[in-house]
Amino acid sequence: MRVVFKTSYDSDIDLHEHGADRLRTALLLGLMAILPFLVGDYYLAEATNTLIWALAGMGLMIAVGHTGQVSLGHAAFLAIGAYTDAALMNAGLPFYLALPAAGLAAGLFGALIAIPAVRMSGIYLAIATLAVFVIVEELVIMLEPITGGVGGIMAPSITLFGVSFDRYAALTNFYWLVLGIVALVTWGYANLMRSPTGRSFLAVRDSEVSARALGINVTRTRALAFGLSSGVTGLAGALMGHFIGFFNYELFSVIISINLLLVVTIGGLGSIQGAFLGAILITGMPQLIAILRDGVNANFGIDLGGIPGLDTMVFSMILIGFIIFEPAGLYGRWRKIRVWLETFPLARRDMFRRHKTYLKTERMK
Amino acid sequence: MTELLQLVIGGLANGCIYGLVALGFVLIYKASEGVNFAQGDMMMLGAFIALGLGNSEQLGMPFAIAVPLAVVIMFGVGWGVERVIVRQLFGQPQFALVILTIALGFVFRFVAGSIWGYTPLVLETPFAGMNMRAGGIVISVADLIAIGVTLVLTVALWAFFAFTRIGLAAQAASQNQMAAYIVGVPVMRVNSLIWGLSGAVATVGGVLYATRGAIDPNIGLLGIKAFAAAVIGGLGSLPGALLGGLIIGIIEPVAGRYAPGEFAKMSPYIIMLLVLVTRPGGLFSQIQMKKV
Amino acid sequence: MSLLEVNDLAVHFGGVKAVDGVSFSVESGEVFAIIGPNGAGKSTIFNLISRIYEPTRGSIRFDGRDITGLKAHDIAKLGIARTFQNIELFDHSTVLDNLLMGRHTHRSTSFVEDILFLPKVRREERDHRRHVEEVIEFLELEAYRNKMIAGLPYGVRKVVEIGRALSIGPKLILLDEPASGLSVEETREVAFWIEDMRRDMGLTVLMVEHDMSLVNQVSDRVLAVANGRPLALGSPADVQAHPDVKAAYLGTEAA
């Protein structure tokens, strides 16, 4: 087990605890950057998709994982981001203005909802977000001049300073663009979590009453967290729009909201890494299922392709399995494995035993 | 005026079904302060089981046997879900249950889809197509039965919680599991029972729904609307759930008649948001505050 | 002028008069204890001072300023810190982070600056760390610095909560039953800390406590309450000798 001797407060404040950690991050980022030279277009597109999902997952993670606000309607913010970006670009605005505007629009909308919603706790907020999602969906259909209504809208191709970042014509560039945005957001997110703002999110999540006693304005903190959450999700929505190219309201169904929840839960609540792991799983899973399905078809002659909803079914089972057996998600499992390796052969099974407690009620006793 | 009255009566019957599904939400919320997002899908599954047992080209049992049997089966399903899956979540935060039940809903939908397919089916009932006339208004027998059954069931459930031993035990468990456990309430068994009950209630709702139109595996999405109903009434209140259901049931067709289509779809949720903003605990809320 | 002046304070929940006409004042540098049987309204008085409950009547003045109209989150900024009867820590954070959360009122950076982690943020972080380390040293929490709250023993959590309150850098600290659930040794430590808080940190302490040995040892004055009404106010010995107080504790009719 590595023991880090800390000689200054800075070693706690820094993003990385020690040099090897820093090196690992640099290597990972380097590998991601040269990915276009290592894999073909198909997998590069998949990687781009995964990055976009990770971005959206990070957005939801701020709310669900770090502030304890469950949202069942985050697809609404994806939609707001995508439509704002596409509409502004169609109106002639360049991408570098349209994208931040999309994030801002989604963020402001999210914060706006959060202000009345913060009076609600837990389950009620989840429901309110679901309602907001339905309303946004209908609004998208109603605002046909901007959104293209049922017919849909085209996300124009991106050109920055004369260089094309078109999703099809210049996929490598588009990939780098997405990677850059994701890296930037990740850095900001990590900064947030080591600063007073991030701590106030955690405080509000774990004990509202003592957060208040420490001088944290719970309403404002919740609204800020939800705003940031929906803002980041909005950015992801804008990129998703460009990635898909042509889309209508059906792209942002309630299933997407639930898949996003899957990303953060399976990935591991309360960790940035979890958003990435979850995104890898959710974007990789359909491929895996398709491969397995072909295998079953070829070897046993059973055509599973004829069964509709099998993908969702498999997702659901995985989700149930995770919630029951590993609520800490993939990242939590990874940490346990790491500790097991680091302390080998001294690890004991009870090291990570969960404390089971009786229901902590929020009601008046 | 007749037109409005006609809309209101149809809406009442609809609202009763929302109310029944909402009752299922409230039951589980009362018992474990969790929300079962698969409630709508349990309703769907219940309706399909009744259909599978009763329809002539399926098992062909008489309606009067098929429906109670379906209710019993779904009681078992609810009970089993609690016993096998939900119980494992003991000690995890509320929202684990939310996600778990959403996933369960997908599983139910898949099961129903695999067995009965995705094309809408009609439940055969003895009173299909029967109507009554009063003044200029046509009332279908199915509507009347839906309203009647819902009222009876709500009163029965209320009496169950207010007067029976096990009902009181469930109330106690919902307020403080630990304390209830210490004074000898079999918290776990009560929870299983409540899940069973909500499965049974969902089935009644599903059958009533099926008497009024065709069903397919996606009718479970109605659960979201029923959920809005439960929230409008206040998640902890049985009469509140029914009232919420009725409000939504009536608003929907009326809004559909006098406002653009999208507004009708949005109306339940707009009302719900309004209620949440003005009375965060719902219309029938008890004051909620954590003691420190 | 007293540091804290509570005047004719009352709160009614429905028909229940949880607190009814309580007045007292706490002088700067004093250790003031509120005692009373269970359900007497002691914690309610705390919740009124920290603005969790809205008083039905009466006023609370701190440092010469009326705080009755303030919000719960404005109280810490004035220099009032508190602990809770049933520990309310942030369970999924480390001891260090819990204490750092106590520094919230001293932050001056906006969330945008935080996201960019400007040098200013780092400077402030170092500053927070310095203050928190002082608290850690004072309460001897070094061994637990990077431990999650969820796995800590009760006694330690109790101390961490005091530490979090101290991290605010308050003038007045409200301790809600600091000794409940603690062993005799741990209670003795709490007594030393309370004395040190007063002597070394110049703090004023207002506490609710059942443990009479602790009350006798550290408090200058005691207020006894029962059924939401004040019974007696004075030195610990005087209050405990008061016939009404005896009656309230023993449950007999006032002699």
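Start by selecting His12(C) and Lys17(C): His12(C) stands opposite Lys17(C), which lies in β2(C). This is a predicted model, in which local features need pLDDT of at least 70, side-chain atom pairs count only at pLDDT 80 or more, and totals for chains, interfaces and linings use all residues. Residues are numbered from 1 along each chain as its sequence is written, while chains are lettered from A and ligands numbered from 1 in the order in which they are written.

Now widen the selection to residues 4–13 (strand β1) and 16–26 (strand β2) of chain C, which pair in the antiparallel sense over eight bridges. Strands pair if DSSP finds at least two bridges between them. Two residues sit between the strands of this hairpin, and there Gly14(C) takes a positive phi near 60°.

Next, show chain B, with its 11 helices and two strands. Helices (H or I, at least four residues) and strands (E, at least two) are DSSP runs, numbered from the N terminus. Of the 292 residues of chain B, 54% count as buried. A residue is buried if 20 or more other C-beta atoms lie within 10 Å of its own, exposed if 12 or fewer, and partly exposed in between; C-beta atoms are placed from the backbone.

Then pick residues 222–233 of chain B, helix α9.

Terms used
The expected span of a helix is 1.5 Å times one less than its number of residues.
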